[in-house]
Amino acid sequence: MTNMSNSDAKPPLDPVNMTIFIGLPILALVLAPLWGVYHGYDTFQWLWALAFLYLNGMSITGGYHR
């Protein structure tokens, strides 16, 4: 017996979500290096970057083992 409903159809893509999930990472990939070229990064910023890298890894681990 087959299901005659169209429940497997995907909803249309939302332009706001597409802008957020595609546009912001592209902006980050362009703007972060440009900031470093024109302004440079100090030790404090590098330490924060390492702290957030560590915390990101811990959040992924915690979410996986939840």
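The model is a predicted one. Colour the residues by accessibility, and buried ones make up 0% of the 66 residues in the chain.

Switch to a cartoon view. The chain shows two helices and zero strands.

Now display the aromatic side chains. A search of the whole structure finds three aromatic pairs. Select Tyr 41 and Trp 46 for one of them: the ring centres are 5.7 Å apart and the planes stand at 70°, an edge-to-face arrangement. Tyr 41 is partly exposed, at 36% relative accessible area. Trp 46 has 53% relative accessibility and counts as exposed, because the exposed class begins over 50%.

Next, select Phe 44 and Trp 48. Their ring centres lie 6.0 Å apart with the planes at 80°, so this pair is edge-to-face, the angle being over 60 degrees.

Check the accessibility of each partner. Phe 44 is exposed, with a relative accessibility of 53%. Trp 48, at 43%, counts as partly exposed.

Which residues make up the aromatic cluster? Phe 44, Trp 48 and Phe 52 form one cluster together.

Notes: Residues are numbered from 1 along each chain as its sequence is written. Side-chain values use heavy atoms; hydrogens and water are left out. Rings of Phe, Tyr and Trp (its six-membered ring) pair if their centres lie within 6.5 Å; planes under 30 degrees apart count as stacked, over 60 as edge-to-face and the rest as tilted. Buried means under 20% relative accessible area, exposed over 50%, partly exposed in between (1.4 Å probe, protein chains only). Helices (H or I, at least four residues) and strands (E, at least two) are DSSP runs, numbered from the N terminus.
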